[in-house]
There are 2 protein chains.
Amino acid sequence: MADTAWLDPDEQQTWRSFVTASRLLFDAIERQLQHDSGLPLAYYEILVRLSEAPGRTMRMSTLATSSLSSRSRLSHAVARLEEAGWVRRRACPTDRRGSFAELTEAGVAQLEAAAPGHVTAVRRHLFDGLDPAQQAALREISDTLVAHLAAEPVWPATGSGT
Amino acid sequence: MADTAWLDPDEQQTWRSFVTASRLLFDAIERQLQHDSGLPLAYYEILVRLSEAPGRTMRMSTLATSSLSSRSRLSHAVARLEEAGWVRRRACPTDRRGSFAELTEAGVAQLEAAAPGHVTAVRRHLFDGLDPAQQAALREISDTLVAHLAAEPVWPATGSGT
DNA sequence: CCCAAGTAGTTGAGTGTTCAGCTGTTGAGC
DNA sequence: GCTCAACAGCTGAACACTCAACTACTTGGG
């Protein structure tokens, strides 16, 4: 590990600027959502995924994957959403290990109440700051990165290298 | 609030892709740092800022601003870093409310130990996935966003309109 | 000099996330 | 039809972050 490929000044600046922009953006989005709807962004996204699923119902593990949550995180999250009455758990008839999460009517209502403020915040904080070319570039970069990151092994022997 | 400016399909896709890319990227970076050095990224950045300050010392509130932390968060963080022996608090002679945070020798050592793995992870997960044009575009977009977000009022009457 | 308002920083309760370890279930190979 | 590895999901402890309240100090105005 003596031969680290350090970042050159340009890369360094890109990285810091990206970190700063991301933090400011997500902090603002998160803050709005929490303040106006009492939901963290991660919980909002769980509700969105459920609302888009057939029967507003998904297997827990599918939901975990599609909302980028660990299983554990999703378990805790669904427990809270269930307490709030926005989600209901259902047993899976064909696999008794499994369970479904289903968005309730109250959950739909909560989501519909939260959506306008959230969308408005995303527009204000993100899209209003970028011209069309930048928006297109951001999408292309994001798509590229998602493919890159999904392809990488999750835990690639950092530290004690091959 | 009946007239929400919803996201069109393109914007929607851009937003989701950006969220996904950011989460995957920061999760990977955070995971590496936590695993190899026992530091969350936010703590690492506090150490970096201190290491770059004259005398490796900064006023708490300056440090909070420059590391994008709330005062409260920084207080808690410095308390932990102090426990670990990486940071020391010093009283401010000219303003007795204030205090300084100073990076210790052990803190310098910790940072030097953590840096190679972290930088390597940033390169692998971010820069290796993007070509030079994309890197330039990412920097430009990030700079633009930082300016946009810093200009906005932090808490601009979302929800109940003007 | 004194008081009110503002500033620097801390604290504690509440919440979300992670990690490691646990239960219960399935299914493949023998 | 067993056995055992893999899988689905849950749980509790540890830790980080947020929010609101608090202490201590400074500063400006009467």
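In which helix of chain A is Val108(A) found? Val108(A) belongs to helix α5 (residues 105–125) of chain A; helices (H or I, at least four residues) and strands (E, at least two) are DSSP runs numbered from the N terminus. This report concerns a predicted model, in which local features need pLDDT of at least 70, side-chain atom pairs count only at pLDDT 80 or more, and totals for chains, interfaces and linings use all residues. Residues are numbered from 1 along each chain as its sequence is written, while chains are lettered from A and ligands numbered from 1 in the order in which they are written.

**Surroundings of Val108(A)**

Val108(A) is partly exposed, with 15 other C-beta atoms within 10 Å. A residue is buried if 20 or more other C-beta atoms lie within 10 Å of its own, exposed if 12 or fewer, and partly exposed in between, with C-beta atoms placed from the backbone. Leaving aside residues up to four places away in sequence, Val108(A) touches Ser51(A) and Leu103(A); two residues are in contact if their C-beta atoms, placed from the backbone, lie within 7 Å. Val108(A) is also 7.5 Å from Trp86(A), C-alpha to C-alpha, although the two are 22 residues apart in sequence.

**The two chains together**

The same surface serves both copies, since 100% of the contact residues of chain B recur in chain A.

The contact takes 49 residues from chain A and 49 residues from chain B. On the side of chain B that touches chain A, α1 (9–37), α5 (105–125) and α6 (132–151) of chain B each supply at least two residues. Of the contributors to this side, α1(B) gives the most, with 15 residues. The residues of this side divide into 24 nonpolar, 18 polar and seven charged. Here Ala, Val, Leu, Ile, Met, Phe, Trp, Tyr, Cys and Pro count as nonpolar, Asp, Glu, Lys and Arg as charged, and the others, Gly among them, as polar.

**Helices of chain B**

The expected span of a helix is 1.5 Å times one less than its number of residues. The table sets this value beside the distance between the end C-alpha atoms.

| Helix | Number of residues | End-to-end C-alpha distance | Expected span |
|---|---|---|---|
| α4(B) | 13 residues | 18 Å | 18 Å |
| α5(B) | 21 residues | 30 Å | 30 Å |

In α4(B), the buried residues are Leu74(B), Ala77(B), Val78(B) and Leu81(B). Seen down the axis of α4(B), these buried residues fall within an arc of 100°, so they line one face of the helix; the arc is that of the directions from the helix axis to the C-beta atoms. Their cover includes α2 (41–52), α3 (60–66), β2 (87–91) and β3 (99–103) of chain B. On the other side of α4(B), Ser72(B), His76(B), Ala79(B), Arg80(B) and Glu83(B) are exposed. Just after α4(B), Gly85(B) takes a positive phi of about 85°.

Helix α5(B) has a kink of about 35° at Ala115(B), shortly before the proline Pro116(B). The bend at a residue is the angle between axes fitted to the seven residues ending there and the seven starting there. Buried residues of α5(B) include Gly107(B), Gln110(B), Ala114(B) and His118(B). The buried residues of α5(B) pack against α1 (9–37) and α6 (132–151) of chain A, together with α1, α2, β2 and β3 of chain B. Arg124(B), also placed in α5 of chain B, counts as partly exposed with 19 C-beta neighbours inside 10 Å.

In α6(B), the buried residues are Ala137(B), Leu138(B), Ile141(B), Ser142(B), Leu145(B), Val146(B) and Leu149(B). These residues pack against α1, α5 and α6 of chain A.

**Leu68 in each chain**

Leu68(A) lies in the loop between α3 (60–66) and α4 (71–83) of chain A. Its phi is near 60°, a positive value in a residue other than glycine. In chain B, Leu68(B) is placed in the loop between α3 and α4, and the phi of Leu68(B) is near 55°. Leu68(A) counts as partly exposed, with 16 C-beta neighbours inside 10 Å; Leu68(B) is partly exposed, with 15 other C-beta atoms within 10 Å.
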